[in-house]
Amino acid sequence: MQEWRRNLGFGSLRARIFAVNVVAVIVLAIMLLYLDNVRYRLLAERSDALANEAMAVAQLLDDRPSGQRGSALARMGLARGARLRLYGEDGARLADNWQSPRNPRFVVEDPTAYGWRRAAAKTIDRVLDAVLGFRDLPAYAEPAVDRAAIWPEIARAVRQGAPVTDLRRARDGTLIVSAAAPLAGGQAVLLIDSAEDLAELLRRERLTSGWLLLSVTALTLFLSVFLARTIVRPLRLLAVAAHRVRLGRRREVVVPRLPDRRDEIGALARAISDMSIALRGQIDATESFAADVAHELKNPLASLRSAVEVLERVDQPDLRSQLLAVIRDDVARIDRLITDIADASRLDAELSRTGFQPVDLARLCSGLVKAYAIAGLPRGVTVELDPPPRAGLPAIEGDAGRLAQVLRNLIDNAISFSPAGGRVTLGLVRAGDAVEVTVADEGPGVPPANRADIFRRFYSERPANEDFGRHSGLGLSIAGAIVAAHGGSIRVDDAPAGGALFRVGLPVA
């Protein structure tokens, strides 16, 4: 789990995909915020400049007699073609610098006469205003009868005694900036200027930002294609391999492990590869187990069939009794085989679902010894716990029922090999981080060459005095599987006094 989390750092596909897809959005957001900030700043600068200019004109006119103010204003030609008007105390317009044809004028265009380029630029302006939530502005239109009351900024300027600015929008979308300044005697000047030059500046900035956005978008598309290739191709390979594993048409299906990938796909590839190897091992084990089962069942079935066939032709009572005994033994042997095979076949599934609990092995061993003493054993064999377990022996995590099955299999095996009057001894000691249970007998022992084979399924080397077919050869195999599921180990050595010594090591909880 730690390796998995370590591999999902900056190389995570989730992080890479998120980063690639969010780049263009971030750039677009930054561009819009930047342009909106620039526009507000430019409009604020233009309004301040126009207010200062209106105040300067008002101061200039204040120095002249009231009768000469109109003629002086009419001769003023301002930069960018701004319009300058003088209003009297009664609100009537006294002078207008646009009355002189020599003075420049800003132009409010007719939208119906736009070319496609101009129309597109104005449309983009309106869209950006809607996206950025630019405030609604009153419409700018020249009145048929021009009076001071039509311009609210004039009344505010006279009332406040200071310049006042306002902002309007012409019919072509152009922003119109106005500034009113009071004069002595109740008069006022109104300066109106177009902000179309600011709009042109913003359009140039927008064009630059547009090229930047296109570049980022192209880069995003390239990176997206790259990510698609790095994602889709390995996933396709994994899907094909998984499909082949599912069909099972090939014995060996190579699932790519992608060792260089340190992201989710690399982890997935290695997980699928490990899963396919484990599945292949399970299939091989199942096939081997099925073959072993068929082989083991054939012997008693063949004997049973022969006995049944001969029984039909035999009339002697003694011989019929012998044949019936053979039939009973074969049926009992088949019953034992089926019981042990069923137990072995469901062992892995049951252990995978079992929740382990703390198990006191000393109590478990003591209980088994008492149970064997009560049941009585053949040939005078005894089962003892020697030496008695020490106090404070740590518990282990496991399934008490399955661990008892392990010890019963080992004790039964030891009893079958013990001589008349023999002793089977259980031991229990602490061995490092494990608790070791030993089962020793006084039988012939296990030759070193056969010590690995005795834990295989259906392997059986029985004592000469034991009735044939009393054991299926699955007891030690089941014991080994249970111990392995508990994370422990099992092996067989020579007992100090002769015989076999089985050692079962189980990790401490």
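# Charged pairs in a predicted model

Modeller: This model is predicted. Glutamate 436 touches Gly427, Leu428, Val429, Ala431, Arg491, Arg503, Val504 and Gly505, leaving aside residues up to four places away in sequence. Glutamate 436 belongs to strand E10 (residues 434-440).

Colleague: Why is glutamate 436 called buried?

Modeller: Its relative accessibility is 14%. Buried means under 20%. So glutamate 436 counts as buried.

Colleague: What makes the link between glutamate 436 and arginine 503 a polar contact?

Modeller: Their side chains are joined at 3.0 Å. The cut-off is within 3.5 Å for a pair of N or O atoms. The pair therefore counts as a polar contact.

Colleague: How do you know that arginine 503 forms a salt bridge with aspartate 493?

Modeller: Look at the closest N and O atoms, which are 3.0 Å apart. A salt bridge needs them within 4 Å. This pair links distant parts of the chain. Arginine 503 sits in strand E12 (residues 500-507), and aspartate 493 in strand E11 (residues 489-494), ten residues apart.

Colleague: Is arginine 503 buried, exposed or partly exposed, and why?

Modeller: Arginine 503 has 22% relative accessibility. Buried would need under 20%, and exposed over 50%. So arginine 503 is partly exposed.

Colleague: Why do such side chains pair at all?

Modeller: Side chains of opposite charge can pair when their charged atoms come close.

Colleague: What makes arginine 168 and glutamate 153 a salt bridge?

Modeller: Their closest N and O atoms are 2.9 Å apart, and the limit is 4 Å.

Colleague: Why does aspartate 166 with arginine 168 count as a salt bridge?

Modeller: The N to O distance is 3.9 Å. That is within 4 Å, so the pair qualifies. Aspartate 166 is partly exposed, at 23% relative accessibility.

Colleague: How many salt bridges does the whole structure hold?

Modeller: A search finds 15. Salt bridges also link Arg83, Arg85, Arg93, Asp96, Glu142 and Asp146 in a network.

Notes
Residues are numbered from 1 along each chain as its sequence is written. This is a predicted model: local features need pLDDT of at least 70, side-chain atom pairs count only at pLDDT 80 or more; totals for chains, interfaces and linings use all residues. Side-chain values use heavy atoms; hydrogens and water are left out. A salt bridge is a side-chain nitrogen of Lys or Arg within 4 Å of a carboxyl oxygen of Asp or Glu. Buried means under 20% relative accessible area, exposed over 50%, partly exposed in between (1.4 Å probe, protein chains only). Helices (H or I, at least four residues) and strands (E, at least two) are DSSP runs, numbered from the N terminus. A polar contact is a pair of N or O atoms within 3.5 Å; within protein, one must be able to donate a hydrogen and the other to accept it, and residues adjacent in sequence count only if both atoms are side-chain atoms. Contact means heavy atoms within 4.5 Å.
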